[in-house]
Amino acid sequence: MTTTKFIKKILSPYLWLNILAMVVIVLLLCTGLKYGLDLYTHHGQTVEVPTILHKTYNEAEDMLDQVHLEIVVSDTDYVKTLPPDCVLEQSPTPGDIVKPGRVVYVKINASHTPRRPLPDVIDNSSLRDAQSKLSAMGFLLGEPEYIPGEREWVYGIKCQGKQLAAGDRVSIEDQIIIQVGDGRRDMNQAVTYIDSNVYDFGEEEEEEDVKPVKSRPHYKRQTEVAEERVVSDAAPSSVSAVSTKLDIPTVSTPPAVTSAPKPVVNE
């Protein structure tokens, strides 16, 4: 390329128009970014957070809209003396200076008592530990009920007469009763559970009382043999009695003659 052609291209109006257009675009971007950030962040604009405590949700929303603030419910709680859906807490706190468009997080009062899951304290902790856990969760505790078992060991929890298990949801206004061992049985002592439907000792004893005596098969035969022996022993007396009635003489055996000892002669 010659020097003449190079100078002509540099002095071309199309080149300078393109350069001018790029400069204008850069200036516009910088200006727009500066004022746009000020508008977005509300630079130099501040508002005071109003007091919306104990106001209903609708009233609190209207009050915040007037000062260009937003409201978001972050949590719920229950206070029996306050009406439902009223604001219990707010963040930022009343009187804080914030920029318009800031979000105010509130805690709303629930319309009913909350139900919370029962922790795993049954047969897993002592009375003191169970009371600490349940009280920290907001449960209403009654007087412990003592049952046979290891002293101060938790064996069960009741609410309104029903047995509860770990994970059951209970209202914080319902009183719960902790069943605790009274120390009348050692934990290492074995316990045998008997089913009354199978092992009824009272009925068994009654059955034994009325149980008939089993007869032996040879008992009758032994009795007959004994009677025959008695009859055979008594037979001679019966024969003599019969002979007396018939005047039959009886032959008596003469007594045996014994010879006298010979005298000894001394010569």
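Lysine 107 touches Asp75, Thr76, Asp77, Cys86, Val87, Leu88 and Glu89, when residues up to four places away in sequence are not counted (contact: heavy atoms within 4.5 Å). The structure is a predicted model, in which local features need pLDDT of at least 70 and side-chain atom pairs count only at pLDDT 80 or more, while totals for chains, interfaces and linings use all residues. Residues are numbered from 1 along each chain as its sequence is written, and side-chain values use heavy atoms, with hydrogens and water left out.

Lysine 107 is found in strand E5 (helices, H or I of at least four residues, and strands, E of at least two, are DSSP runs numbered from the N terminus). With a relative accessible area of 18%, lysine 107 is buried (buried, under 20% relative accessible area; exposed, over 50%; partly exposed, in between; 1.4 Å probe, protein chains only). Lysine 107 forms a salt bridge with glutamate 89, and the closest N and O atoms are 3.8 Å apart (salt bridge: a side-chain nitrogen of Lys or Arg within 4 Å of a carboxyl oxygen of Asp or Glu). Since lysine 107 lies in strand E5 and glutamate 89 in strand E3, the pair ties together parts that are 18 residues apart in sequence. Glutamate 89 is partly exposed, at a relative accessible area of 46%.

The two residues also face each other in the strand pairing: glutamate 89 stands opposite lysine 107 in E5. E3 and strand E5 (residues 103-109) pair in the antiparallel sense over four bridges (strands pair if DSSP finds at least two bridges between them). These strands belong to an open sheet of three strands, ordered E2-E5-E3, with mixed pairing. Strand E2 (70-77) and strand E3 (87-91) stand at the edges with a single partner strand each, so one side of each is left without a neighbour in the sheet. On average, neighbouring strands of this sheet are turned by 25° against each other, direction ignored (axes are lines fitted to C-alpha atoms, for helices over the stretch in contact, and angles run from 0 to 180 degrees between N-to-C directions). Helix H3 (residues 57-66) packs on the sheet and touches E2, E3 and E5; the direction of H3 makes about 150° with that of E2.

A search of the whole structure finds two salt bridges. Besides the pair described above, the side chains of glutamate 145 and lysine 158 meet in a salt bridge (3.0 Å, N to O). Glutamate 145 lies in strand E8 and lysine 158 in strand E9, so this pair ties together parts that are 13 residues apart in sequence. Glutamate 145 is partly exposed, with a relative accessible area of 28%, and lysine 158 counts as partly exposed at 22% relative accessibility.

Strands E8 and E9 both pair with strand E12. Three bridges join strand E8 (residues 145-147) to E12, and the two run parallel; within this pairing, glutamate 145 stands opposite glutamine 179 in E12. Strand E9 (residues 154-159) is joined to E12 by five bridges in the antiparallel sense, and cysteine 159 stands opposite isoleucine 176 in E12. Strand E7 (residues 140-141) pairs with E12 in the parallel sense over two bridges, where leucine 141 has isoleucine 176 as its bridge partner. Six of the seven residues of strand E12 (residues 175-181) are buried, so E12 is largely enclosed by the rest of the structure.

Aspartate 182 lies in the loop between E12 and helix H5 (201-209). At 17% relative accessibility, aspartate 182 counts as buried. Its neighbours within four places in sequence left aside, aspartate 182 is in contact with Tyr146, Ile147, Pro148, Gly149, Glu150 and Arg151.

A nonpolar surface patch is formed by Phe6, Ile7, Ile10, Leu11, Leu15, Trp16, Ile19, Met22, Val23 and Leu27, which together have about 960 Å² of accessible area (Shrake-Rupley method, 1.4 Å probe; for residues, only the protein chains shown count as cover). Patches are made of residues with over 30% relative accessible area and no salt bridge, like charges being joined within 9 Å and nonpolar side chains (Val, Leu, Ile, Met, Phe, Trp, Tyr) within 5 Å. The elements that give two or more residues to the nonpolar patch are helix H1 (3-10) and helix H2 (13-41). H2 supplies the largest share, six residues. Methionine 22 lies in helix H2 and counts as exposed at 51% relative accessibility.
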